Every structure is written in structure tokens, then in C-alpha cells.
Amino acid sequence: MGPAISSFTFFRPESALRNAVGIFILTTLFYFIGAELRLVEALSLFWPLNGVMAGIFARYAYLNRLHYYAVSYVAMLLYDAFTTSWGMASLVINLSNMVFIVTVALLVLRDKRLRKSTPDPINALRLFNYCLVAALLCALLGAIGSVGIDSHTFWPLFADWFSEQFSTGVLIVPCILAMKMPAQRMRVRPEQLLPVLALTVSVIASVVIGGAGALAFPLPALIWCAVRYSLPTTCLITFVTGATEVVLVANSVINIAVEAPLSTPLMFSARLGIATMAICPVMVSVSVAAINSLIHQVSLRADYDFLTHVYSRSGLYEALKHEEAHRHSRFLTVMLLDIDYFKSINDNYGHECGDRVLTTFAHKVQQVVGEDGMVARMGGEEFAVVVNAGDEQHGFALAERIRQAIAHHPFTWRQQTIFLTVSIGLGSGKAESWQLTEVFNKLMAEADDFLYRSKKAGRNRTSARLLHETGVVNADRGTERV
């Protein structure tokens with residue numbers, strides 16, 4: 001999964017001091033949160049620090065520097081120096097935290113360098129694998145460092161470290177990577193809250209019913225959230241749900257083993273179960289995002305001409321249908337443009353040159369039209385321009401600006417300069433919003449008729465109903481014409 005860039009961040013590529021301070025503050029804050037959630041003696045119930053910092057270092061590639069990692073490590077050591085009596089063991093324990101952070105960050109950044117940053121199920125599954133590898137390495141070193149300060153032996157400590165690091169990693173890292181600021185204020189309709197309501201009910205059911213299967217009760221509601229909400233929202237909801245379940249299980253509010261006391265093996269099982277459950281909604285959400293992205297790409301291919309990047313014929317009609325939603329009348333001018341003698345370009349210079357000319361021509365027309373209208377390629381060398389002109393004179397004036405801009409624009413091809421001309425036909429008329437497409441079709445027929453008149457009259461001219469067949473012929477006769 002790729003990072004979603006937000007409009008606000010603690011960090012800036014050009015500000016090393018700001019970045020170092022931000023890393024120090026975040027490390028200290030989340031170290032404090034984890035330290036306050038002690039489960040059994042020195043074992044932590046929920047340790048968000050490593051997942052948060054791994055996500056931050058992976059999200060902002062410019063933080064992937066040794067001195068920034070050192071700042072985070074020093075912040076951990078300082079916190080322990082003031083709050084614990086672990087002594088030298090703190091060096092090993094916090095080094096294990098850094099192993100998780102660095103491993104996940106480097107693996108995610110490797111994917112980004114290989115251009116695997118688009119949201120897709122394979123990348124999401126790869127992220128869980130990265131958390132698994134990082135948790136194993138972290139647990140190995142962390143358990144060794146914890147033996148001296150805790151009454152537990154190596155393997156129970158290893159199980160606790162691994163289950164905690166893996167579960168918090170798969171809950172937090174996707175959330176950090178996908179998180180972004182809303183682009184605009186969102187209006188929430190009551191029916192949109194139904195998945196969250198169902199999720200709340202399922203967590204309550206886990207508390208009331210209990211038993212080994214209670215941890216899976218929220219899964220259907222989480223998948224519903226994944227289908228209805230965006231990827232960042234789904235990751236956040238999954239994180240909150242998983243963290244809540246870990247806390248409830250640890251405090252025996254969710255009783256997964258009746259009459260059994262809280263123990264490390266039970267927490268190991270519960271954490272892994274919650275981590276496994278967290279994979280499902282994120283995978284579904286990423287899959288939905290990938291499908292929506294594919295649909296968007298297919299829509300773009302249908303609505304836009306692949307060569308010139310202006311509207312296609314079908315895309316122009318879709319845009320007009322969208323405009324029909326605006327309840328106001330307008331004076332519409334439709335132009336049909338045909339590049340004069342375009343066939344000779346393909347014959348004399350080749351089809352590659354012809355494609356380049358079409359692309360440059362469309363860009364130039366769009367540049368003249370600007371935000372005042374829509375440009376579409378209707379087929380071959382024929383283009384359409386639709387503008388809300390105000391009246392016939394304004395429409396004709398814009399068409400003339402287009403014609404003159406093309407006539408005076410040198411098209412270059414392999415150190416050769418080619419000058420083009422364009423013939424234009426206009427159709428103009430008033431249109432109510434609900435009949436925009438119908439009026440457009442009539443004006444297209446009218447523009448097509450006047451385009452034929454422009455060609456018959458000698459090309460390189462604009463013809464319209466108001467001025468009949470008048471037009472200004474380009475007087476620059478000295479340049480090469482195709």
C-alpha cells in the first residue's frame with residue numbers, strides 16, 4: 001500500500017531540526033503510552049511505538065537516515081533512564097524496538113523504489129509479511145534483553161514480544177501509511193453510520209457472550225466497513241477495534257477462556273487472532289480501492305482520447321449530461337474543426353508525425369479555449385469545441401482566435417518546421433439545461449454544414465450562420481503549407 005500524502009505533517013524534507021524534534025516528541029509520546037499499558041510485570045499490554053514509528057519512517061522516505069533513527073533510539077533510552085532501573089538491559093530492549101522499526105521501514109521503502117506503491121491486495125499482504133519478519137527479529141532480541149529484568153524464561157518472553165509486535169504492527173502500520181487529511185468537509189448521512197453501529201454491537205456481543213469465538217464477532221462488521229468506507233477510514237476503524245479487543249481481553253472483559261486466569265499463552269493466542277482478523281478488512285478495503293482505481297482508469301479511457309488527452313466523442317456527451325444537472329439556460333456555441341490537408345502529413349512525414357501533430361494541435365486548441373469550454377476529438381483529424389459563448393459574435397471571435405493561433409504556430413518534427421491551417425464551422429443557439437444534449441446535436445449538424453462551406457470556400461476560414469461564409473484567410477503565404 002502506498003502512502004497517502006496529507007496537507008499537514010510534522011516533517012519537512014528541507015528542515016532537519018524540525019524532523020529531529022518531531023521524531024523525538026513522537027517517540028517519547030508513544031513510549032509513554034506503551035509504558036502506561038503494562039500487562040504483567042514488565043510486559044506491555046499494547047505497544048504502539050514501533051508500529052507508529054515504522055509507519056512514519058516508511059511514509060516519509062527522506063526520514064530514512066541514520067541520524068533520524070538515532071534520534072528515536074536516544075529518545076527511548078532517555079525515557080528508560082528516567083523511569084526504569086533496567087540499566088544496560090535498556091540498550092538491548094530498545095535496540096529490539098529499532099530492529100522492528102528499521103526492518104518494516106526499509107522493506108516498505110524497497111517496495112516504493114520498485115514502484116509497488118499502488119493499493120492492491122498483493123502489496124497489502126506483503127505488508128503483513130513484513131510485520132511478521134520484523135516481529136520475529138524484534139522478539140528474538142527483545143526476549144534476550146528481557147530475561148535479566150523479568151522472572152519469565154526466554155520462550156514465554158519471546159511469545160509475548162512476538163505476538164505483541166506482530167498484532168500492533170498489522171493494526172498500526174497500514175493506518176499510518178494510509179492516513180490522510182480530508183480534502184473537504186464531509187457530510188455524514190445517518191445510513192453511512194450503520195457499519196460502525198453494527199461494529200459496536202458486535203464488540204458488545206463479544207463482551208456479553210465471550211468464549212473462544214468472541215474475538216471474531218466484529219469481523220463481518222469490519223468487512224462491511226471496508227466495503228462502505230475509504231481505505232484510510234477502514235484502517236483506522238480496524239486499528240481501534242483491534243486495540244479495544246486487546247485491552248478488553250487483557251482485563252478479562254472479553255472472557256475467551258472461562259475460569260482460566262490471564263496468562264501469557266492466552267494473550268499470545270488472542271493477539272494473533274486479532275492480528276489475523278485485522279488482515280481481512282484491510283485486504284477487502286485495498287481490493288475495493290484497486291477495483292475503484294481500475295474502474296476510474298477504464299472510465300478515463302472511455303471519456304478521454306488516449307492520444308490527445310482531450311475528451312473523446314462519448315466523453316463529451318457524458319460531460320454534457322453532467323452539465324444538464326445545472327439548472328440554468330445558456331447560449332451554446334459548437335465548433336467543428338478540421339485540420340486542412342492532414343492526410344498529406346501522414347503521407348509525407350509518416351503516421352508518427354501525424355500523431356504528434358494531432359497531440360500538439362489539441363493542446364494548442366485547449367490552451368486557447370481554456371476553462372471556457374470543452375474540447376473533444378470526434379475522430380481522425382476532426383475536433384469539436386463546445387463553449388458557453390454568450391452570443392454568436394463571441395463564439396465567432398473565439399473560433400477566429402483558435403484558427404489564427406494554429407496558423408501562426410510552428411509544428412516541429414525532426415528539425416523540420418510545419419505550418420498548419422484549420423477550417424472551422426460554427427453552430428450557435430440557446431439551450432435550457434434539460435435539453436442541452438438535444439440542442440448540442442442540432443448545433444453539431446449546423447456546425448458540420450458550415451465546416452463543409454469553409455472547406456469548399458478554400459479552407460483556413462471560419463464559417464457561421466451570422467456571417468454566412470465570411471472568414472479571414474491567413475495572409476502569411478511565405479511559409480510552407482502542408
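Q: What makes a residue partly exposed?
A: A residue is buried under 20% relative accessible area and exposed over 50%, and partly exposed in between. The model considered here is predicted.

Q: Why is Phe24 called partly exposed?
A: The relative accessibility of Phe24 is 33%. Phe24 is located in helix 1.

Q: Which residues make the nonpolar surface patch, and which element gives the most to the patch?
A: Leu17, Val21, Phe24, Ile25, Val74, Leu78 and Phe82 make a nonpolar surface patch of about 700 Å². Two or more residues come from each of helix 1 (16-35) and helix 3 (66-83). With four residues, helix 1 gives the most.

Q: Why is Thr437 called buried?
A: Thr437 has a relative accessibility of 16%, and the label buried applies under 20%; therefore Thr437 counts as buried. Thr437 lies in helix 15 (residues 436-456). Apart from neighbours within four places in sequence, its contacts are Tyr317, Leu320, Lys321 and Glu324.

Q: What makes Arg377 and Asp305 a salt bridge?
A: The criterion is a side-chain nitrogen of Lys or Arg within 4 Å of a carboxyl oxygen of Asp or Glu. The closest N and O atoms of Arg377 and Asp305 are 3.3 Å apart, and the pair forms a salt bridge. The pair links distant parts of the chain, 72 residues apart: Arg377 is in strand 4 (residues 373-379), and Asp305 is in the loop between helix 10 (264-303) and helix 11 (313-323). Both Arg377 and Asp305 are buried.

Q: How do you know that Arg414 and Glu352 form a salt bridge, and are these residues buried or exposed?
A: The N to O distance between Arg414 and Glu352 is 3.5 Å, and the criterion is within 4 Å; their side chains meet in a salt bridge. This pair links distant parts of the chain, with Arg414 in the loop between strand 6 (410-413) and strand 7 (416-419) and Glu352 in helix 13 (residues 351-369). Arg414 and Glu352 are exposed.

Q: Why are Asp449 and Arg453 separated by about one helical turn?
A: They are separated by about one helical turn because they are four residues apart in helix 15. A salt bridge joins Asp449 and Arg453, with closest N and O atoms 3.2 Å apart. Asp449 is partly exposed at 35% relative accessibility, and Arg453 is partly exposed at 28%.

Key: Residues numbered from 1 in each chain as written. Predicted model: local features only at pLDDT ≥ 70, side-chain atom pairs only at ≥ 80, totals over all residues. Heavy atoms only, no water. Patch = residues over 30% accessible without salt bridge, like charges linked within 9 Å, V, L, I, M, F, W, Y side chains within 5 Å. Areas by Shrake-Rupley, 256 points an atom, 1.4 Å probe, with all protein chains shown as cover. Buried < 20%, exposed > 50% of the residue type's maximum accessible area, 1.4 Å probe, protein only. Contact = heavy atoms within 4.5 Å.
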